[in-house]
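Here are my notes after a pass through this one. Have it open in your viewer as you read.

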Amino acid sequence: MSVATVKSAVRVLEVLDHFRVCREPQSLKEICAALDYPQSSGTVLLKNLTQLGYLSYDRSTRQYFPTLRVAALGDR
């Protein structure tokens, strides 16, 4: 039996895992290239994660990085 996946949920986890591995701010282009996402999909996903408070966006460098809210995901 196979388990159906929700593409956007999988992508959220892939983005968070990408930051766990790279450990530095990344641009939209870098994230999309590393994860092989279309830029249009990456834009929407990163914007949503920013609005939800899981990513921060630095307008001057045009880079995203995780917030402390991501670290708190493992808290009880």
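1. Where His18 sits. Keep in mind that this is a predicted model. His18 touches Gln26, Ile31, Ala34 and Leu35, leaving aside residues up to four places away in sequence. The histidine itself belongs to helix α1, which covers residues 7-22. Is His18 buried or exposed? It counts as buried, because its relative accessibility is 14% and the cut-off for buried is under 20%.

2. The α1/α2 packing. Two packed helices are described by the angle between their axes and the distance between the axes. Here α1 and α2 (residues 28-35) pack at about 105°, and their axes are 11 Å apart. That angle makes α1 roughly perpendicular to α2, since 65 to 115 degrees is the range for that label.

3. Who meets whom. On the α1 side the contact involves Glu14, Val15, His18 and Phe19, and on the α2 side Ile31, Ala34 and Leu35. Sorted by class, that gives five nonpolar residues, one polar and one charged.

4. The cysteines. As for accessibility, Cys22 counts as partly exposed at 23%, whereas Cys32 is buried, with a relative accessible area of 6%.

5. The chain as a whole. The secondary structure comes to four helices and three strands, and along the sequence they follow the pattern α-β-α-α-β-β-α. The radius of gyration is 13 Å, close to the 11 Å that the globule rule gives for 76 residues, so the chain is as compact as a globular protein of that length. Along the principal axes, the C-alpha atoms fill a box of roughly 50 × 35 × 20 Å.

6. Among contacts with a separation of 6 or more, 39% come from residues 24 or more positions apart.

Notes
Residues are numbered from 1 along each chain as its sequence is written. This is a predicted model: local features need pLDDT of at least 70, side-chain atom pairs count only at pLDDT 80 or more; totals for chains, interfaces and linings use all residues. Side-chain values use heavy atoms; hydrogens and water are left out. Helices (H or I, at least four residues) and strands (E, at least two) are DSSP runs, numbered from the N terminus. Buried means under 20% relative accessible area, exposed over 50%, partly exposed in between (1.4 Å probe, protein chains only). Contact means heavy atoms within 4.5 Å. Axes are lines fitted to C-alpha atoms, for helices over the stretch in contact, and angles run from 0 to 180 degrees between N-to-C directions. Angles under 35 degrees count as roughly parallel, over 145 as roughly antiparallel, 65 to 115 as roughly perpendicular and the rest as oblique. Ala, Val, Leu, Ile, Met, Phe, Trp, Tyr, Cys and Pro count as nonpolar, Asp, Glu, Lys and Arg as charged, and the others, Gly among them, as polar. The radius of gyration is taken over C-alpha atoms; the globule rule is 2.2 Å times the number of residues to the power 0.38.
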